[in-house]
Structure formats: C-alpha cells, structure tokens
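Hello,

Here is the structure I promised to pass on. Please open it first, then read the notes below.

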Amino acid sequence: MSLRSRLGRARNAFSVQVRAVRSVSTVDASTWDALEEALILADLGVSTTADVIAAVRQRADVEAVDEPEVVIDLLRAELVERLGSGDRGLARGGDPSVWLFVGVNGVGKTKKKAKRERKKKKEKR
C-alpha cells in the first residue's frame with residue numbers, strides 16, 4: 001500500500017467527520033466530540049488534540065460562535081498557527097548528534113535517514 005493511499009485514508013476519515021460537523025445547524029457537545037474524533041483519526045495525537053480543541057473552544061466562546069462553519073474556520077486557523085511556528089531545520093553539531101525521526105508506518109523514515117547518511121558520506125570525500 002502506497003503512502004498516498006495511506007494518507008488518503010486518514011484524510012478521508014478526517015473529512016467525513018468535518019462534513020458531519022458542517023451538516024449540523026448549531027454547535028453543541030456532539031460537535032466538539034466529532035471534531036475531536038476527526039483530529040484523533042487524522043493521527044494528531046490525544047494530548048495535542050485536546051490542546052487544539054480547548055484553544056478553539058475557548059476562542060469560540062470568546063467570539064460567541066455558534067455556527068459550525070465558523071468553528072471549522074477557527075480550527076483551521078489554530079492548526080495553521082501551530083504548524084507554521086517552530087524550527088523545522090535539522091541541527092548539526094555535537095558529537096554524536098541525535099536526531100529523532102517521527103512518522104506513521106510506511107512514510108519513508110528509513111529511506112530518508114539512508115539518503116541523509118549517503119549525502120553526508122559524499123560530503124566527507
């Protein structure tokens with residue numbers, strides 16, 4: 001099974017839940033549960049999902065939002081903000097350098113490490 005098809009399954013599970021949220025007329029506890037389930041199905045992780053939902057819920061309360069579409073927009077903004085911040089570079093230095101590669105099964109972690117090592121060996125020649 002290819003990476004594309006595995007990611008497609010996660011995206012499909014996520015989009016089914018989001019469509020369910022869009023179909024309701026007002027935001028209630030089941031709406032928040034559906035969003036939480038969508039994020040967990042998308043492999044966001046339980047603690048990160050809880051943090052994201054809490055932040056979105058707080059913002060929705062402050063802005064007195066009761067429309068599902070607006071809540072989804074708030075969720076999108078929160079996710080973009082969290083994913084956009086942070087250093088994505090690989091720090092080199094120290095002896096030994098320790099890097100942690102994280103990802104779901106089949107996304108190419110081992111291949112990526114092998115490519116980096118091959119490049120590093122070529123640079124030393």
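**Salt bridges**

Arginine 59 and glutamate 63 join their side chains in a salt bridge, 3.0 Å from N to O. The term requires a side-chain nitrogen of Lys or Arg within 4 Å of a carboxyl oxygen of Asp or Glu. Arginine 59 counts as partly exposed because its relative accessibility is 38%. Glutamate 63 is partly exposed too, at 41%. The classes are: buried under 20% relative accessible area, exposed over 50%, partly exposed in between, with a 1.4 Å probe and protein chains only.

Before going on, note the ground rules. This is a predicted model, in which local features need pLDDT of at least 70 and side-chain atom pairs count only at pLDDT 80 or more, while totals for chains, interfaces and linings use all residues. Residues are numbered from 1 along each chain as its sequence is written, and side-chain values use heavy atoms, with hydrogens and water left out.

The structure holds four salt bridges. One of them pairs glutamate 69 with arginine 22, at 3.0 Å from N to O. This pair links distant parts of the chain: glutamate 69 sits in helix H4 and arginine 22 in helix H1, 47 residues apart. Helices here are DSSP runs (H or I, at least four residues), numbered from the N terminus; strands (E) need at least two. Glutamate 69 has 37% relative accessibility, so it counts as partly exposed. Arginine 22 is partly exposed as well, at 38%.

Another bridge joins aspartate 73 and arginine 76, at 2.9 Å from N to O. Both lie in helix H4, three residues apart, which is about one turn of the helix. Aspartate 73 is partly exposed, with a relative accessible area of 36%. Arginine 76 is partly exposed at 44%.

**Confidence**

How far does the predictor trust the chain? The mean pLDDT of the protein chain is 83. That score is the predictor's confidence in each residue, from 0 to 100. Of the residues, 93% reach 70 or more. Confidence is lowest in H1, with a mean of 77, and highest in H3, at 94.

Start with H2 and H3. Their axes come within 10 Å and cross at roughly 145°. Axes are lines fitted to C-alpha atoms, for helices over the stretch in contact; angles run from 0 to 180 degrees between N-to-C directions. H2 passes H3 in a right-handed crossing. Right-handed means that the near helix is turned clockwise from the far one by less than a right angle, left-handed anticlockwise. From H2, Trp32, Leu35, Glu36, Leu39 and Ile40 take part; from H3, Thr49, Val52, Ile53, Val56, Arg57 and Ala60. By class, this contact has eight nonpolar, one polar and two charged residues. Nonpolar covers Ala, Val, Leu, Ile, Met, Phe, Trp, Tyr, Cys and Pro; charged covers Asp, Glu, Lys and Arg; the others, Gly among them, are polar.

Now H2 (residues 29-41) and H4 (residues 68-84). Their axes come within 12 Å and cross at roughly 35°. This crossing is also right-handed. Trp32, Leu35 and Leu39 of H2 make the contact with Val71, Leu75 and Leu79 of H4. The tally is six nonpolar, no polar and no charged residues.

**Single residues**

Is threonine 49 buried or exposed? Threonine 49 counts as buried because its relative accessibility is 0%. The residue belongs to helix H3 (residues 46-62). Beyond its neighbours within four places in sequence, threonine 49 is in contact (heavy atoms within 4.5 Å) with Glu36, Leu39, Ile40 and Leu44.

Glutamine 17 lies in helix H1. With a relative accessible area of 16%, glutamine 17 is buried. Its contacts, again leaving aside neighbours within four places, are Ala34, Glu37, Ala38 and Leu41.

Leucine 41 is in helix H2. Leucine 41 is partly exposed, with a relative accessible area of 39%. Not counting residues up to four places away in sequence, leucine 41 touches Ala10, Ala13 and Gln17. Its C-alpha atom is 16 Å from that of arginine 4, 37 residues away along the chain.

Last, valine 18. This residue is found in helix H1 (residues 3-22). At 8% relative accessibility, valine 18 counts as buried.

Best wishes
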